[in-house]
Amino acid sequence: MSLQELSLYAALPPSRVATFLSTLSAVTGMRAVPVLQHHLVFSPTPASASGALHPAIGPAATQLEASRIDVHRDLAPANGAKSSWTLTIPTIPESGKRNVQVQYINRTTFRPDEQCVTDDTGILFRFLRALDYVYAYDYLERGHLFVYSGMVIIKVTQLSPQSPPQLHEIPVGDEDEHVADTVAQHRDPETAKFLGVWVVHAYVDILTGSESVGDDLEKVRIATERLEALKAEIAGVVELGIPDRGILDPRVQIRK
Amino acid sequence: MSASSLSGDDIFVSLEPPPLEEDPSHAIRSFRNLSQIIPQIALERGSFLNVTEDSLRKEIEARPSPHDKNMPDETPTKLKKSATNLAEFEEDFNNARADLNRLICAAQNEAAISLDFVSLLISSVRPAAGTTSMSPHLKSHVPVGSLGADRIKSSPYVEDMSVCLGWKTQAVSAASERLARAAERLAEEAGLEKNYWEQVEKIAVSGEVLSKMRMPDYRGMGVRYGFADAGSTYKEKGIATLRRNVEGKLVVKTEGERRTKVLSVAIMRPLHGEYVRTGQYASKVNYETRDVKKEIKQARDLLFEDELFFEIARETRILGSQGITLDFGNKVMIPLPALQVAIETIDLEDQDSSMELDTGPDRVIAEAINVALHLLLSKLHRKNLTARRSIPLPLGTRTNITDTGKSEILEPLVSSLAVSPIKDSLTTLIMDLTSALKKNVI
């Protein structure tokens, strides 16, 4: 599925999260839905290098990410099935002066009954190994989710340093006080420095390609309007904006 | 000028007194410049053309010397007396002339000073006109326009304090009366406001959703009694304003016309070729205007009834293939095996008292259908709310069924009502067939 993701970001200190969640509840008309998203990051091997990030740096390729989101029963599918693993192939966000960030993403959803990540022989690992990608690290993103105006998805999440024993268990309660203690225990030092910060990610996905219906420009216009309306509505509590596109660049240098 | 040149007919008077060399007491030095002597001589002797050396010599020789004491005095006595008188006259004349000269100089000085004074006064009003007549000495010592003048009234004005005090007292009294009246009005207004806000507080405590209203003709408190937060997508959002009347009482004013219709379900069975009503049930809504909380509840109930019939009427178009019709825009007829169900809205005042007394089985069916319709609308609200809060699909995703094309209220009801008779008739048919087959086999 080819998607065009229009998004806005913001960062929050832990002390302001409670106020912001109350504000979002009033704005969206729904309670905060706890979510837990498990991300597995796969890095390319030298064999999969294509193109070059920069001639002086060396060959590079896009990192792939597989993730699965577990939500509270209110948002879970009615048949009780667990959510599926999704493979995401992102691109670097579009450059230029815009009101919202635009990023093209390809997503593929695995069948829910597939054994994807039970072990190294799961279909996900085998599939990516065939593409010359190897497992690099994983991390958890836990927080809350809102839906604004039936279109905009708002995730208020922070990186969690610990992997829960069961993926479908959603931690309950505020564990911010444990974050500082476990920063050093995180596997990936690059991600560890962002522990404790809450990230607000408001986005709208637009289906592109032959599968989509409707005028693309009109869909982009509607999505941009909704995001700007949300930004105006919560202005003063948090300022949504566009981060530096280099932060979301999925390309990495190949280490030989 | 010598005395001998004087004659009775020609008297030449000079304002300048003659020099008095013999009298050293005269400290006045007589300065007689040529410009003064020549005109005098011209007056006395005529033009200088007639003056020669010989005539001047003769004149000098003819003048008696003052040092010649031996000259005999050949003047006669009468002439002596007239000469003495003439000398006195001359002295008097000279004195008078000196006085006159002095007075004229003084007058000239005074006139100059007056001119300077007036010029300085004028220069304060019209500097150009004043400076032209001012003397250079004054101009160099006194600034132009530094002297002013004004009229002085003949008598100073004495203020009458009694009038002033009278006016002040009247003004203070009027102000105090106005303040007292304003205080009374404010106290009354505060009482009315307090009463209003106490009633608003009661509504807020009872769980109603209050919000600030900004409408073209009203800005104040309002109450949301609709079902938008519950998932309703009805056009009427259910917003009422909480206004205060002149007596301080809270008045609930709903938007649009006041609703008075409730849903009524009637069961009709065929009798002698025509369908006759055999049971009816209408939703019960108490019509209350005295209590604000009950008024809001009544508005909410009537809005629900309105939305319910709107949804039923909309779904009638979807289920037209099953024979469901909308007669005259306000009556839905659902044909079922052995009976018909009529759904319509009736006024609260039109509720027939006979409906209350009806206790037949069809009334129970009508009541059950009425309650089921209400429950199905609530279920639809819940479904809309869940859909609104669920993670949306990407924009542009093709969906198979549109929201406006599905029947959520009538179809489940009609299906459940129609299943039993159809099942019965099917069972009967199968039983008949099996019994007939059994007989043939035996």
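In S4(B), B:Val252 is the bridge partner of B:Leu242. This pair belongs to a predicted model, in which strand S3 (residues 239–244) of chain B and S4(B) run antiparallel and are joined over 5 bridges.

**The four-stranded sheet of chain B**

- The sheet is open, has 4 strands in the order S1-S2-S3-S4 (chain B), and pairs them antiparallel.
- Its edge strands are strand S1 (209–215) and strand S4 (250–254) of chain B, each of which pairs on one side only.
- From one strand to the next, the twist averages 40°.
- S3(B) and S4(B) make up a hairpin with 5 residues between them. In the turn, B:Gly248 has a positive phi of about 85°.
- S2(B) and S3(B) run antiparallel and are joined by 3 bridges.
- B:Ala240 in S3(B) is placed opposite B:Val223, and B:Ala240 also stands opposite B:Thr254 in S4(B).

**The five-stranded sheet of chain B**

- Another open sheet has 5 strands in the order S6-S5-S9-S8-S7 (chain B), with antiparallel pairing.
- Strand S6 (274–282) and strand S7 (325–327) of chain B each have a single partner strand, so one side of each is left without a neighbour in the sheet.
- Neighbouring strands of this sheet are turned by 30° against each other on average, direction ignored.
- Strand S8 (residues 331–336) of chain B pairs with strand S9 (residues 339–347) of chain B in the antiparallel sense over 6 bridges. Here B:Pro335 stands opposite B:Gln340 in S9(B).

**The interface of chain B with chain A**

- On the chain B side 10 residues are in contact with 19 residues of chain A.
- About 1,300 Å² is buried between chain B and chain A, and carbon and sulfur atoms give 69% of this area.
- B:Arg389, B:Ile391 and B:Leu395 supply 48% of the area that chain B buries against chain A, more than any other three residues.
- By class, the side of chain B that touches chain A has 4 nonpolar, 3 polar and 3 charged residues.
- Between chain B and chain A there are 0 salt bridges, while 2 residue pairs are in polar contact across the interface.

**Salt bridges**

- Over all chains, the count comes to 23 salt bridges.
- In one salt bridge the side chains of A:Arg221 and A:Glu225 meet at 2.5 Å, N to O.
- A:Arg221 and A:Glu225 both lie in helix H5 (residues 216–233) of chain A, 4 residues apart, which is about one turn of the helix.

Conventions: Residues numbered from 1 in each chain as written. Chains lettered and ligands numbered in written order. Predicted model: local features only at pLDDT ≥ 70, side-chain atom pairs only at ≥ 80, totals over all residues. Heavy atoms only, no water. Contact = heavy atoms within 4.5 Å. Buried area = accessible area lost by both parts, 1.4 Å probe. Salt bridge = Lys/Arg side-chain N within 4 Å of Asp/Glu carboxyl O. Polar contact = N/O pair within 3.5 Å; in protein donor to acceptor, adjacent residues only side chain to side chain. Nonpolar A, V, L, I, M, F, W, Y, C, P; charged D, E, K, R; others polar. Pairing = 2+ DSSP bridges. Helix = DSSP H or I, 4+ residues; strand = E, 2+ residues; numbered from the N terminus. Axes fitted to C-alpha atoms, helices over the stretch in contact; angles between N-to-C directions.
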